Amino acid sequence: MTTPVWLPRKRRGAEFFLTVLAVFIGIAAYASVGLGVEGTIPADTYKLGGALIVVAVATHLVIRRVAPYADPVLLPLVIALNGLGLAMIYRLDLGRQQIDPERAAFANSQLVWTAVGIVAFAGILIAVRDHRRLQTLTYTFGAAAIGLLILPLLPGIGQTINGARIWVVVLGFSFQPGEAAKVCLAIFFAGYLVVKRDALALAGRRVIGIDLPRGRDLGPILACWLVSVGILVLQRDLGSSLLFFGLFVVMLYVATERPGWIVVGGLLFGAGAYFGYAAFGHVRVRFDAWLDPFADPDRNGQIINGLFGLAHGGILGQGLGQGSPQLTPYSFSDFIAASMGEELGLTGLMAIVLIYGLIVERGMRIALTCRDAFGKLLAAGLAFSFALQVFVVVGGVTRLIPLTGLTTPFMAQGGSSVVMNWAIIGLLLRISDQTRRPAPEISSFASDEETQVVKLS
Amino acid sequence: MSELTLTLIKLGFLAVLWLFVLSAVSVIRSDIFGTKAPSTPRPAKQGKAPAAKQKTKARKPARGVATRLQVVDGPNAGQSVPLSEGPILLGRGTDAAIRLDDDYVSTRHARFATNGEQWFVEDLGSTNGTYLGSQRITTPIPIGLGIQVRLGKTIVELQK
């Protein structure tokens, strides 16, 4: 193996160029929505345009100041997605209000949540100067995650919306604690596995070329499985349940390098999925809608509409503002991928999926180059949770897998999701800055007498 | 707004979207297609590395390959362990390559490991820490020949 000479490069200029392009995409999408729907550029384009520019300049300056060696492409990719999402939500507001003027508009609140997300992003970069500090808070984050997961179940503040008990309403604000729990869990898993991985890597029996773990080491994975099944049973949230369990299994695999864990995780997942299918009506409905949506068009209207939308979009799409994605229920959140597919076509949807792919690739690259085990695991876990989430949502909408309720990161309407995803990007950039920064200068030991151990003799 | 203009806007927007994706890819192309390995990696590395950042290398231009890990100071001074492929554990424990008889050293104190080219020293969560000069190390740090690493009262270095 040859180690290439590592010259630390900041690449902030490249980041700036990409950010300009990303902001342009957001503004162009917004303007072309106006042109498509009403024939004029919307009068408040300056509002969204200005907001995007402020977002871009603010985040860029924060990074230049506190994380100068951070990865140069993550931020522009995220800004592009966020801008596209805002434009699409605005477009769906217009479309849905044409059907019924009483319907709520989400674009403005989404803009406010994006701003909150940026503040969280900057806050994390400024407050967490070294991601290894988080390792000392491993169990604090673990407890916080459990608390956040229990929160929606508490009477009074917990609320059931659309059959899933994943919402908390406090003082008129509603949010999903599960999104924050995801980040806390990733930190907890990373801190926990760094310490325990040697024990968990011990192999038991070898079956067809794969080392299966010892029976007595199955405790943590079973505990995590039980929590995931608990989410499925008590909160009726298929997506989060899958996300948390998948996150743990993959981080376990990354930490121990034993494919046996994937096998164990896969078996447990299969058992859980079968149990869910057998015991719960809502899981069975999702399965049936996936296998044959047209068997019951009334009940599966949403997924059928989404599929029609994608077909209507074709290769090049109908053009922003010229399709009819608003006909699909929850076209602005769960089905925003289908809305994008209808208006931007396969070409546009592929570009969006590629942008997600690049974000995940950057996350994995950060994990690869990171020098400490905790940062490695954390970056890999965050990147994987991102990948799994996009796969589950886009796969569900396109009927590759059964539909589950997860949010499309940065695009779907929903405050908690946007804020926590910005926080994830903040963490990734912090790890990346630590990783790419040149190593501190090593001075020879002989010269500094003052650090000698005191000799009593 | 005519049909044609809208179609042009649509196509233009898709083009910009892909332009963005491709420029992002071009910024990180070295990740995807790999860096071009220098044809003679060794001279290039030695020529550049001391000038770039490794001040100590410039001060002590030790050339060649390290063959042993030598204890130069402390209770076990004079002992050494030959270097091989595998990692070397230092500490007071029985599984250490050199059992250091030093009260300030932890049972499993530090580990020396190589990636085939470069040796690294890594602290294993010791009580009193592993130092390079005045710097307590928290991550694996590459070390060269003759750079002294301190564990408790013991000082070790790589030698030819």
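Predicted model: local features only at pLDDT ≥ 70, side-chain atom pairs only at ≥ 80, totals over all residues.
Good morning. Residues are numbered from 1 along each chain as its sequence is written, and chains are lettered from A, with ligands numbered from 1, in the order in which they are written.

I begin with chain B. It contains four helices and eleven strands. Helices here are DSSP runs of H or I with at least four residues, strands are runs of E with at least two, and both are numbered from the N terminus. Of the 160 residues of chain B, 27% count as buried. A residue is buried if 20 or more other C-beta atoms lie within 10 Å of its own, exposed if 12 or fewer do, and partly exposed in between, with C-beta atoms placed from the backbone. Among contacts in chain B with a separation of 6 or more, 38% are between residues 24 or more positions apart. Two residues are in contact if their C-beta atoms, placed from the backbone, lie within 7 Å.

How are the strands of chain B arranged in the open sheet of six strands? The order is β2-β1-β11-β10-β7-β8, and the pairing is antiparallel. Two strands pair if DSSP finds at least two bridges between them. At the edges of this sheet in chain B stand β2 (80–82) and β8 (135–136); each has a single partner strand, so one side of each is left without a neighbour in the sheet. Within the sheet, β10 (residues 149–151) and β11 (residues 154–159) of chain B run antiparallel and are joined by three bridges. One bridge partner to look for is B:Thr154 in β11(B), which pairs with B:Leu151.

Chain B also has an open sheet of five strands, in the order β4-β3-β5-β6-β9, and here the pairing is mixed. Its edge strands are β4 and β9 (141–143) of chain B, each of which pairs on one side only. Strand β3 (residues 88–91) of chain B shows both senses of pairing. With β5 (residues 110–114) of chain B, strand β3 pairs in the antiparallel sense over three bridges, and B:Leu90 stands opposite B:Ala110. With β4 (residues 98–99) of chain B, β3(B) pairs in the parallel sense over two bridges, and B:Gly91 stands opposite B:Arg99.

I now turn to helix packing in chain A. Two packed helices are described by the angle between their axes and the distance between the axes. Axes are lines fitted to C-alpha atoms, for helices over the stretch in contact, and angles run from 0 to 180 degrees between N-to-C directions.

The pair α4 (residues 107–127) and α14 (residues 415–436) of chain A packs at an angle of about 25°, with the axes 8 Å apart. These helices, α4(A) and α14(A), are therefore roughly parallel to each other, a term for angles under 35 degrees. The contact includes A:Trp113 and A:Phe121 of α4(A), and A:Trp422 and A:Arg430 of α14(A). By class, the residues of this contact divide into 14 nonpolar, four polar and one charged. Nonpolar covers Ala, Val, Leu, Ile, Met, Phe, Trp, Tyr, Cys and Pro; charged covers Asp, Glu, Lys and Arg; the others, Gly among them, are polar.

In the second pair, the axes of α11 (residues 301–313) and α12 (residues 336–369) of chain A come within 7 Å and cross at roughly 20°. Helices α11(A) and α12(A) are therefore also roughly parallel to each other. Among the residues that meet are A:Gly306, A:Gly309 and A:Gly313 in α11(A), and A:Gly341 and A:Gly345 in α12(A). This contact has two nonpolar, seven polar and two charged residues.

A:Gly26 lies in helix α1 (residues 12–37) of chain A. Is A:Gly26 buried or exposed? A:Gly26 counts as buried, because it has 25 C-beta neighbours inside 10 Å. Beyond four places in sequence, the contacts of A:Gly26 include A:Leu52, A:Ala80 and A:Leu84.

Most residues other than glycine have a negative phi. A:Glu257, however, has a positive phi near 60°. This residue, A:Glu257, is found in the loop between α8 (238–256) and α9 (259–279) of chain A, and is exposed, with 9 other C-beta atoms within 10 Å. A:Tyr330 likewise has a positive phi, of about 55°, although it is not a glycine. The loop between α11 and α12 of chain A holds A:Tyr330, which is partly exposed, with 17 other C-beta atoms within 10 Å.

Key: Parallel < 35°, antiparallel > 145°, perpendicular 65-115°, else oblique.
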